Amino acid sequence: MNKEKYLTFALGKGRLAEHTIELMSKIGITCDEILDKKTRKLIFVDEVHRLKFFLAKGPDVPTYVEYGAADIGVVGKDTILEEARRAYEVLDLGFGKCRMCVCGPESAGALLKNHEMIRVATKYPVIARDYFYNVKHQTVDIIKLNGSVELGPLVGLSDVIVDIVETGSTLKENGLVVLEEVCPLSARMIVNQVSMQMESERINDLITRLKEVL
Ligand code: PRP
């Protein structure tokens, strides 16, 4: 009987997981069952390759990886920065490309240039704080929202927002523009620090094979 340890993957739910499964199938690892919307099963096992997969809310993926409940995680760079968990970021998977930006009405550009005390609405307070305090050296009031952040400047809650811009259509439809870019984003593979030592051969082999098909 194969007693090799299972390598466990935590995948961020949604498009990220779909892309990851597609990518894994290119290196001969299939786990389509995980994408079956009818199933209530939470953990999927590939006995042949001794792998386990589970889906988690994006922000929880780095938590599972830091504590070793998952050896490997796939999650957006935005989540990695925001959660600031201990894990090795080993691979840029290239999909889920978008940008973290400071956005607002065109007129708010002057507030950024003059380093005024402004209100910033965001789902990403850690990223926003780091950008304004450590990069721009601008003191701001950061207001945490949980979604539809573009509402901030529209209803007078904030002067600007820090949010993800992908196609730019949400901004455009609401009369907002990108004022500054904070950083580029995409899906990344992260690895538990102990697993990286203990299972280095299998994990490095996986990384090498993924790099070949990326
Ligand atoms: C994200 C993001 C923007 C939008 C950007 O929101 O927060 O609102 O997508 O995409 P676009 O540039 O292609 O228009 P999401 O759909 O995840 O929902 P949320 O606003 O509730 O977070």
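Let's start at the ligand: one of its oxygen atoms sits 2.6 Å from an N or O atom in the side chain of K123, which makes a polar contact in the sense used here (a pair of N or O atoms within 3.5 Å; within protein, one must be able to donate a hydrogen and the other to accept it, and residues adjacent in sequence count only if both atoms are side-chain atoms). Bear in mind that this is a predicted model, where local features need pLDDT of at least 70 and side-chain atom pairs count only at pLDDT 80 or more, while totals for chains, interfaces and linings use all residues. Residues are numbered from 1 along each chain as its sequence is written, and side-chain values use heavy atoms, with hydrogens and water left out.

Back to the ligand. A polar backbone atom of G168 lies 2.7 Å from a ligand oxygen, and for T170 an N or O atom of the side chain is 2.4 Å from a ligand oxygen. The residues around the ligand (one heavy atom within 4 Å of it) also include G147, S148, E150 and the run D163, I164, V165, E166 and T167.

Now zoom out. The chain splits into domain 1 (7–96 + 186–213) and domain 2 (98–183), with bounds from an automatic or database domain assignment. Their centres, taken over C-alpha atoms, are 30 Å apart.

How do the two meet? On contact (heavy atoms within 4.5 Å), 5 residues of domain 1 touch 10 residues of domain 2. Together the domains bury about 610 Å², 55% of it on carbon and sulfur atoms; buried area is the accessible area (1.4 Å probe) that two parts lose on being put together, summed over both. On the domain 1 side, D78, L81 and E82 supply 73% of the area buried against domain 2, more than any other three residues.

Across this interface there is 1 salt bridge, counted when a side-chain nitrogen of Lys or Arg is within 4 Å of a carboxyl oxygen of Asp or Glu. The interface also has 4 residue pairs in polar contact, both residues at pLDDT 80 or more. Helix 3 (residues 77–83) gives the most to the domain 1 side, with 3 residues; helices (H or I, at least four residues) and strands (E, at least two) are DSSP runs, numbered from the N terminus.

Which salt bridge does E166, one of the residues around the ligand, form? Its partner is R15, with the closest N and O atoms 4.0 Å apart.

The whole structure has 15 salt bridges. In one of them E181 pairs with R99 at 3.2 Å between the closest N and O atoms, linking strand 10 (residues 177–185) to strand 6 (residues 98–104) across 82 residues of chain.
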